[in-house]
Amino acid sequence: THPVAQKKANELGLHDMSGNVREWCQDWYGVAYYATSPSNNPQGPKIGSSRVLRGGSWYDYLDDVRVADRELFTPDFHGYLVGFRLARQQ
């Protein structure tokens, strides 16, 4: 791992979304959610049993180190390959 913002921002202007640690998302995981979700800022299903982890960690294969990579885990999952991002709305 490394300190935040040490690498260039991605195409969305976000730093460290891929390759440091996988990041917890607020979204519940839905297998077919994106087939019917809005294309702009999808919020995920209203309920579920697993949350979404995005990105990839320093330990993952190169194909998994991308923002679009999405995995599901129960909310009590933890480990050294998993982190989270704090966001502030201005």
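Mentor: A patch is made of residues with over 30% relative accessible area and no salt bridge, and nonpolar side chains are joined within 5 Å. Keep in mind that this is a predicted model.

Trainee: Which residues make the nonpolar surface patch here?

Mentor: Trp-58, Tyr-59 and Tyr-80 make it, and the patch covers about 440 Å².

Trainee: Why is Tyr-80 called exposed?

Mentor: Exposed means over 50% relative accessible area. Tyr-80 has 60%, so it counts as exposed. As for its place in the chain, Tyr-80 sits in the loop between strand 3 (70–73) and strand 4 (82–83).

Trainee: What makes the contact of Arg-22 and Asp-60 a salt bridge?

Mentor: The rule asks for a side-chain nitrogen of Lys or Arg within 4 Å of a carboxyl oxygen of Asp or Glu. For Arg-22 and Asp-60 the N to O distance is 3.2 Å, so the pair meets the rule. Arg-22 belongs to strand 1 (residues 22–28) and Asp-60 to the loop between strand 2 (51–54) and strand 3, so the bridge ties together parts 38 residues apart in sequence.

Trainee: How many salt bridges does this rule give?

Mentor: The count is 2. One of them joins the side chains of Arg-22 and Asp-69, at 2.9 Å from N to O. That pair also links distant parts of the chain, with Arg-22 in strand 1 and Asp-69 in the loop between strand 2 and strand 3, 47 residues apart.

Trainee: What makes Arg-22, Asp-60 and Asp-69 one network?

Mentor: Their salt bridges share partners, and this joins the three residues. Arg-22 bridges to Asp-60 and also to Asp-69.

Trainee: Are these residues buried or exposed, and how do you know?

Mentor: Buried means under 20% relative accessible area, and partly exposed lies between that and 50%. Arg-22 has 9%, so it is buried. Asp-69 has 7% and is therefore buried. Asp-60 has 22%, so it is partly exposed.

Trainee: Turning to the second largest pocket, how do you know what classes of residue line it?

Mentor: The lining consists of His-2, Val-4, His-15, Asp-16, Asn-20, Val-21, Glu-23, Phe-84, Arg-85 and Leu-86. By class it has 4 nonpolar, 3 polar and 3 charged residues.

How values were computed. Residues numbered from 1 in each chain as written. Predicted model: local features only at pLDDT ≥ 70, side-chain atom pairs only at ≥ 80, totals over all residues. Heavy atoms only, no water. 1 Å grid on protein atoms, 1.4 Å probe; cavity = no way out; pocket = protein on both sides within 12 Å on 5 of 7 lines; lining within 4 Å. Nonpolar A, V, L, I, M, F, W, Y, C, P; charged D, E, K, R; others polar. Patch = residues over 30% accessible without salt bridge, like charges linked within 9 Å, V, L, I, M, F, W, Y side chains within 5 Å. Areas by Shrake-Rupley, 256 points an atom, 1.4 Å probe, with all protein chains shown as cover. Helix = DSSP H or I, 4+ residues; strand = E, 2+ residues; numbered from the N terminus. Buried < 20%, exposed > 50% of the residue type's maximum accessible area, 1.4 Å probe, protein only.
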